[in-house]
Amino acid sequence: MSVSIVPGDLFEEEGHLVVGFSDTFDTCVAGGAVVNPDSLQGQLLRRRYNGKVLLLDKDLDAGLREARPVVVEDRADKPVGKLSRYELGTVAVLGERPRLVFAVAYSRISNDCVAESGVEELWFSLERLWDAVYRHGQHERLALPLIGYGLSRIDFLDAESLLRLLLLSFVTRSRQRRICRELRIVLRPEVFRQIDLREAEAFLGSLGSGPSRA
């Protein structure tokens, strides 16, 4: 098992990808009120589905067919976007091998379209993500963004703290069973420059898992 921390473009990575969603799995980027078109969800729609919302929604519906909404909002309370809310940590597996997309709900979007999450919610969602990757990923390479950094408003954790949380979650679960042969944490170049790679490597070493490169 190897761990890499690299700058780059998540959608240029080989292997399976992880994309974070809100608990409603909203996909509408029109006007940017529900989903920011520059977010990873917006890029997923544009780059993997050629901007065709119906195709993405079809895949999401298929990926969520075994999940049950925990609540369905009234349209009067939530004027825009989807109404069905799923438990945080719900994962919809999209596409086909060797490039599955693991769409994981780790934030809650309010009825006025403000997404929020926290450390406990993120940790729980990561646990459910590793379960889904174990079941569907066949130990193949997994590319992961810095989940929680940006529009989900986990503002009290900086990039390095979020990175440590992701690494701790992955290594902790990997001690129980192998999740994948290679995890690549792909950071935007401007975020990558904020990371002290020697400290990240030392942190991984302290967890008993040395990276192949960082």
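**A look inside**

Guide: Cys180 is buried, at 0% relative accessibility (buried is under 20% relative accessible area, exposed over 50%, partly exposed in between, with a 1.4 Å probe and protein chains only). This is a predicted model, where local features need pLDDT of at least 70, side-chain atom pairs count only at pLDDT 80 or more, and totals for chains, interfaces and linings use all residues. Residues are numbered from 1 along each chain as its sequence is written, and side-chain values use heavy atoms, without hydrogens or water.

Cys28 is partly exposed, at 35% relative accessible area. The structure holds 0 disulfides (cysteine sulfur pairs within 2.5 Å). Cys28 is in none; its nearest cysteine sulfur, in Cys113, lies 9.1 Å away.

Next, a strand (a DSSP run of E, at least two residues; helices are H or I, at least four; both are numbered from the N terminus). Strand 9, residues 182-187, runs parallel to strand 1, with 6 bridges between them (pairing takes at least two DSSP bridges). Val6 has Val186 as its bridge partner in strand 9.

Now the cavity. The count is 1 cavity of 30 Å³ or more (points on a 1 Å grid over the protein atoms alone where a 1.4 Å probe fits but cannot get out; lining residues have an atom within 4 Å of a point). The largest cavity has a volume of about 60 Å³ (the space filled by probe spheres set on points joined across faces, edges and corners). Its lining includes Leu163, Arg164, Ile195 and Phe203. Helix 4 (159-174) and helix 6 (197-206) each give two or more residues to that lining. Helix 4 gives the largest share, 4 residues.

Technical notes:
On a 1 Å grid over the protein atoms alone, a cavity is a set of points where a 1.4 Å probe fits but cannot get out, and a pocket is an open set with protein on both sides within 12 Å along at least five of seven lines; lining residues have an atom within 4 Å of a point.
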